[in-house]
Amino acid sequence: MTTPHPHPEVPLAPSTVVVAGGRPARAAGAPVNPPLVLSSTYVSQGVPQPGEPLYARMDTETWHPFEEVLADLEGAARPAVAFASGMAAIAAVFSFLPAGGTVVLPRHAYQATLGLTDDLAARIGVRVVRVDAADTDGVVAAVGGADLLLLESPTNPMLEVADLPAVLAAARARGVLTAVDNTFATPLVQRPLALGADLVVHSATKYLAGHSDVVLGAVVAATDDLAERVRAHRTLTGAIPGPVEVWLALRGLRTLALRVERSQASAAVLAGRLAAHPAVAEVRHPSLPSDPGHARATRHMAGYGSIIGMRPHGGPAAADAVVAAVRLWVPATSLGGVESTLERRRRYATESPTVPEDLLRLSVGIEDVEDLWRDLDRALRAG
Ligand SMILES: *Cc1c(COP(=O)(O)O)cnc(C)c1O
């Protein structure tokens, strides 16, 4: 299963890789799509040969096309390692932390990521240093003596943009392992390995699968050694995805380029209009020239993503009223699906206390942008 390269000297564009990658070898009568294989075990006897399929917790062929295409998109030379969820992938990254070690991560990282570090602190004495991801000097000062730097950029949900090349280089110079959660940007918009990261993690639940019907994660590694360790962690802990989920994720990935292109363009339009709306106090989207992350995102990203942060006038009650008033936008958690969703993040007790109470996180989908705008505008005026 390889991506055909009609001109091997010219790398295929990512928007081609998502379509052409991970298909069965061409032969008369061969299926165009990889088969979904449901088998927990494989015929085997005697001493297993290297690469021989044995048991589906160790490896199963339905994972391979997705793992190869994702690696290709992230610019990795070895396959990605798919996990049961984004959190399972992040737990695999945290398995590199020794007992009593130090992890540096954004104070506005995904709430379950923060929760998992708190758990590691309580159980095995991991020291957790939370930083402002946008404060390059602060991040660089914190990585000295750390074991792991886990970054999100843009952060969930505050959309801070880190200077990834600068902080990743500083960590590397100090021998600190680095990982970037690339869920928000997707590899079409940002390629952390090229910016200097050792590991990339994804909640494939979001944009990669893209249809809100799958929970899935993945880790992409810069070296064979790291990839092998991540893979061994998956086999030992059993944090494996089901073949159906991975098959569906590849199905979703085929349209990633179109979906990202559409939703990013709509997000930029909506962010601009929201910034001028009388019922809106503040908008965060890196596409806005006034956004603190705009210059960095322009330098390091191939777009601005499709997540918007918005604070309506009137506090948390007004934010809840907007969520209650929308009809097309879906009031729901999660993000990165074809349908537009929104939620007030501080409704969770576990959300970081420095996230404003009235912050709405909007995930822009692929509906008609004018329909999305009319619904939002009406809900803001009604609220
Ligand atoms: C959703 C999310 C996760 C967790 O992924 P799951 O698939 O829900 O386990 C991790 N990081 C970010 C940035 C996310 O948005």
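In what order do the 5 strands of the open sheet stand? The order is 8-9-12-11-10, and the pairing is mixed; here a strand is a DSSP run of E with at least two residues, a helix is a run of H or I with at least four residues, and both are numbered from the N terminus. Two strands are said to pair if DSSP finds at least two bridges between them. Strand 8 (280–284) and strand 10 (330–331) stand at the edges, each with a single partner strand, so one side of each is left without a neighbour in the sheet.

The model is a predicted one, in which local features need pLDDT of at least 70 and side-chain atom pairs count only at pLDDT 80 or more, while totals for chains, interfaces and linings use all residues. Residues are numbered from 1 along each chain as its sequence is written, and side-chain values use heavy atoms, with hydrogens and water left out.

Within the sheet, strand 9 (residues 307–312) and strand 12 (residues 360–363) pair in the antiparallel sense over 4 bridges, and G309 stands opposite R361 in strand 12.

We turn now to the ligand. Of the 14 residues around the ligand, those that come nearest are M87, D181, S203, T205 and K206, where a residue counts as near if one of its heavy atoms lies within 4 Å of the molecule. The shell divides into 6 nonpolar, 6 polar and 2 charged residues, with Ala, Val, Leu, Ile, Met, Phe, Trp, Tyr, Cys and Pro counted as nonpolar, Asp, Glu, Lys and Arg as charged, and the others, Gly among them, as polar. Helix 3 (residues 86–94) gives the largest share of this shell, 3 residues.

Some side chains bring an N or O atom to the ligand: for D181 such an atom is 2.6 Å from a nitrogen atom of the ligand, for T205 the distance to a ligand oxygen atom is 2.7 Å, and for N156 the distance to a ligand oxygen atom is 3.2 Å. The protein covers 92% of the 380 Å² of accessible area that the ligand has on its own, an area that comes from the Shrake-Rupley method with a 1.4 Å probe.

Another cis peptide bond joins S153 and P154, with omega about -5°. L159 lies in the loop between strand 4 and helix 6, and its phi is near 65°, a positive value in a residue other than glycine.

Key
A polar contact is a pair of N or O atoms within 3.5 Å; within protein, one must be able to donate a hydrogen and the other to accept it, and residues adjacent in sequence count only if both atoms are side-chain atoms.
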